[in-house]
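User: Hi! Could you walk me through this structure, one question at a time?

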Amino acid sequence: MALSRLSSRSTTLLQPLATTSLLRRRHISTDTTPITVETSLPFTSHLISPPSRAVETSSQELLSFFRDMALMRRMEIAADSLYKAKLIRGFCHLYDGQEAVAIGMEAAITKRDAIITSYRDHCTFLGRGGGLFEAFSELMGRTTGCSKGKGGSMHFYKKDASFYGGHGIVGAQVPLGCGLAFAQKYSKEEAVTFTLYGDGAANQGQLFEALNIAALWDLPAVLVCENNHYGMGTAEWRSAKSPAYFKRGDYVPGLKVDGMDALAVKQACKFAKEHALKNGPIILEMDTYRYHGHSMSDPGSTYRTRDEISGVRQVRDPIDRVRKLIIAHDIATEKELKDMEKEVRKEVDAAVAQAKESPIPEPSELFSNIYVKGFGAEVNFISPLETTLSFGADRKELRATLP
Amino acid sequence: MASLLGRFCRKLVVPGSAHGSRMTSTTACGSETVKSLNLYSAINQALHIALETDPRSYVFGEDVGFGGVFRCTTGLAERFGKNRVFNTPLCEQGIVGFGIGLAAMGNRAVVEIQFADYIYPAFDQIVNEAAKFRYRSGNQFNCGGLTIRAPYGAVGHGGHYHSQSPEAFFCHVPGIKVVIPRSPREAKGLLLSSIRDPNPVVFFEPKWLYRQAVEEVPEHDYMIPLSQAEVIREGSDITLVGWGAQLTVMEQACLDAEKEGISCELIDLKTLLPWDKETVEASVKKTGRLLISHEAPITGGFGAEISATILERCFLKLEAPVSRVCGLDTPFPLVFEPFYMPTKNKASSSSSLSSPSKNTHFLIHGFSRLL
């Protein structure tokens with residue numbers, strides 16, 4: 001009964017349904033019947049013909065989009081509370097509002113394609129397969145974190161998923177990303193590198209240096225500008241003569257994408273990957289928005305109005321868009337989606353609780369991994385006479401053994 | 001007159017004020033009105049005065065228009081207009097290069113780099129363009145009107161890229177000056193001197209003190225001379241040299257030492273390049289011992305330069321090796337910040353204060369082992 005309703009609503013492509021066991025409850029999450037959805041906006045392009053607006057997806061994919069984005073959203077909100085409770089220290093840059101970019105990108109690529117991004121990396125890490133527990137541990141500086149607690153919010157990495165982090169200095173990751181692409185081309189891996197940066201970083205000189213090199217050597221680099229319209233407190237029209245970031249590559253083709261539409265992002269990334277493997281670099285500009293301020297120290301309302309923020313939330317929220325799609329295609333009911341969100345919330349809370357119990361790194365970790373062991377580089381302490389002593393803040397003498 | 005008094009006024013130790021403020025203050029010179037200000041307000045006042053007194057001065061940098069991330073530039077855009085106080089895009093190299101050009105045309109460019117950790121893209125411009133302009137043009141051109149301001153130093157939770165102290169890199173460049181104030185009153189005077197100095201100046205502001213340090217700051221226009229160190233606490237047993245926020249820590253160490261009967265002389269270097277060798281030399285010749293402390297990592301830090309110079313000048317007067325209590329040779333850590341920082345306990349138990357024969361492993365006792 002339910003399946004017939006589905007087949008009557010799906011559009012032109014009537015493929016034989018996958019054989020799923022019919023239980024009392026619909027098992028739509030495993031249904032990979034292709035559904036075609038149109039993106040919200042057409043793609044605008046520079047020096048290239050844009051991909052089609054019709055995106056192929058499936059119920060399974062849409063549900064996974066919903067769940068993963070809800071997870072990311074929940075994680076960022078939990079990070080917000082943890083920061084205010086002073087369990088997360090340092091600087092914390094939240095990604096809520098921009099989840100569609102991370103999710104859509106993952107749907108289009110494999111784990112052999114590399115991603116490198118700036119400091120707003122929590123959700124990108126999750127998208128690459130990172131766990132909530134590792135993420136929260138790293139945020140709170142515990143040893144169980146993905147960077148062993150030594151990196152913090154801005155430095156998440158995942159080597160086995162080709163996630164190269166997590167960089168604090170604005171724009172510094174772009175030449176690095178082009179270098180990764182070069183290595184991939186050299187070893188004929190048929191993989192590309194997605195280098196993400198923001199609209200603020202788009203004005204850095206090193207970006208143009210990297211673009212020139214990538215274009216000169218036809219590197220499989222996809223440069224993705226996550227344009228959330230504010231470089232911390234400065235709006236894009238005040239910092240850029242040309243806010244059409246996808247055109248900034250000049251001789252490098254570009255595509256402007258609605259970054260709040262996960263399916264558009266997926267289509268664009270798929271298109272970009274094919275292009276980069278054949279023809280060299282391409283720029284994707286993701287038109288997105290962040291609800292929080294630049295970081296937890298920024299209220300986010302001194303340079304933009306609350307009406308603007310709530311307006312975007314009402315009209316363009318990426319999770320709501322997918323929710324509406326799911327309901328329109330009768331893939332799940334609103335109640336089922338709400339239950340999913342509740343599940344997600346429990347999952348996040350459990351991970352937070354577990355992370356809170358994790359230990360902080362040993363003091364000797366302060367000196368580990370500065371250089372490679374055994375090549376004659378010893379860390380100089382207070383004076384050459386005292387080689388292994390260091391003091392804690394509470395006057396307790398601590399012996400830190402050199403690795 | 002102000003500079004003369006500044007040089008010869010003996011500093012008083014004023015016991016405890018609120019907000020962890022500096023514990024010294026000068027005797028009031030004349031009847032000047034003072035106001036209790038924190039560091040960012042003092043800097044703000046200095047910038048207001050600088051822009052008021054010279055119509056060809058400009059303040060620019062990332063996000064300075066709405067007041068800046070540390071509120072140092074509040075009210076400037078409103079008062080002096082968007083043509084003189086403006087935001088730049090996110091490009092440190094471009095910002096400093098642009099400032100050099102503006103200064104080369106005879107203007108005063110006060111450039112803000114948002115955090116000293118981000119100054120490295122501009123390093124080439126500072127070292128190769130700003131520092132050498134006058135020299136290589138045979139004095140035809142110069143960029144003396146350039147002042148680069150950047151918040152530096154640990155803030156408790158800054159991590160790798162919001163806590164660095166890069167002063168040592170810049171002290172290695174003849175042609176620029178490096179200035180670091182320790183308190184609100186000093187900051188205002190030193191910043192005005194830096195802006196008006198006919199050489200390019202890199203001015204590092206201790207960000208930890210932006211709100212923490214509160215002091216009586218005179219409201220009028222005054223300058224504190226550059227390249228003059230100040231003895232902020234007199235003593236006879238050991239000389240301690242430092243700058244910026246680290247002086248607060250060292251002062252605590254001095255107080256602890258007093259209890260053990262060690263009399264410490266504390267010197268604020270203020271200008272690191274060119275630095276006041278005479279004052280430090282005179283002090284070490286008196287006390288015979290020197291301890292230098294800074295937040296930056298110990299190897300290659302500016303303490304090494306002070307140590308080498310003092311050794312050259314005072315070798316026969318030294319009773320113990322020059323000691324440096326500095327940050328460790330690691331990237332500035334995240335959770336390990338308390339271990340990395342040169343705290344007062346590390347200063348108190350520095351080995352230069354122990355007699356060579358004693359076992360240096362039981363170091364809680366500190367200064368008393370001097371004698």
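Analyst: Happy to. A residue counts as buried when its relative accessible area is under 20%, with protein chains only taken into account. Keep in mind that this is a predicted model.

User: With that cut-off, what percentage of the residues of chain A count as buried?

Analyst: Chain A is built with twelve helices and twelve strands. The percentage refers to its 403 residues, and the share that counts as buried is 56%.

User: And what percentage of the residues of chain B count as buried?

Analyst: Chain B contains 14 helices and 16 strands. Here the percentage is taken over 371 residues, and the buried share comes to 61%.

User: Among contacts in chain B between residues at least 6 apart in sequence, what percentage join residues at least 24 apart?

Analyst: For chain A, residues 24 or more positions apart make up 71% of the contacts with a separation of 6 or more. In chain B, counting contacts between residues at least 6 apart, the part that joins residues at least 24 apart is 79%.

User: Let's look at a helix pair in chain A. How are H3(A) and H9(A) oriented to each other?

Analyst: The axes of H3 (residues 99-108) and H9 (residues 262-279) of chain A come within 7 Å and cross at roughly 45°. Angles under 35 degrees count as roughly parallel, and 65 to 115 as roughly perpendicular. The two helices H3(A) and H9(A) are therefore oblique.

User: Which residues of H9(A) make the contact with H3(A)?

Analyst: The crossing of H3(A) and H9(A) is right-handed. On the H3(A) side, the contact uses A:Ala100, A:Val101, A:Ile103, A:Gly104, A:Met105, A:Ala107 and A:Ala108. By class, the contact residues of the pair H3(A) and H9(A) are nine nonpolar, one polar and three charged. The H9(A) side consists of A:Ala262, A:Val265, A:Lys266, A:Cys269, A:Lys270 and A:Lys273.

User: How many of the 18 residues of H9(A) are buried?

Analyst: From first C-alpha to last, H9(A) reaches 25 Å, close to the 26 Å expected at 1.5 Å a residue. After H9(A) comes A:Gly280, with a positive phi near 105°. H9(A) is largely enclosed by the rest of the structure, because its buried residues number 13 of the 18.

User: Is A:His294 buried or exposed?

Analyst: A:His294 sits in the loop between strand S10 (282-287) and helix H10 (306-316) of chain A. Leaving out residues up to four places away in sequence, A:His294 touches A:His93, A:Leu94, A:Tyr119, A:Arg120, A:Met232 and A:Tyr303. The relative accessible area of A:His294 is 12%, so this residue is buried.

User: Over to chain B. Are H4(B) and H5(B) roughly parallel or roughly antiparallel?

Analyst: Helix H4 (residues 92-104) and helix H5 (residues 123-130) of chain B have axes that come within 8 Å and cross at roughly 25°. An angle under 35 degrees is the criterion here, so H4(B) and H5(B) are roughly parallel.

User: One last pair: how many charged residues are in the contact of H11(B) with H12(B)?

Analyst: H11(B) and H12(B) cross at roughly 60°, in a right-handed crossing. B:Lys277, B:Glu278, B:Val280, B:Glu281, B:Val284 and B:Lys285 of H11(B) meet B:Glu305, B:Thr309, B:Ile310, B:Arg313 and B:Cys314 of H12(B). In this contact of H11(B) with H12(B), four residues are nonpolar and one is polar, while the charged ones number six.

Conventions:
Residues numbered from 1 in each chain as written. Chains lettered and ligands numbered in written order. Predicted model: local features only at pLDDT ≥ 70, side-chain atom pairs only at ≥ 80, totals over all residues. Heavy atoms only, no water. Axes fitted to C-alpha atoms, helices over the stretch in contact; angles between N-to-C directions. Helix = DSSP H or I, 4+ residues; strand = E, 2+ residues; numbered from the N terminus. Parallel < 35°, antiparallel > 145°, perpendicular 65-115°, else oblique. Left-handed = near helix turned anticlockwise from the far one by under 90°. Contact = heavy atoms within 4.5 Å. Nonpolar A, V, L, I, M, F, W, Y, C, P; charged D, E, K, R; others polar. Expected span 1.5 Å × (residues − 1). Buried < 20%, exposed > 50% of the residue type's maximum accessible area, 1.4 Å probe, protein only.
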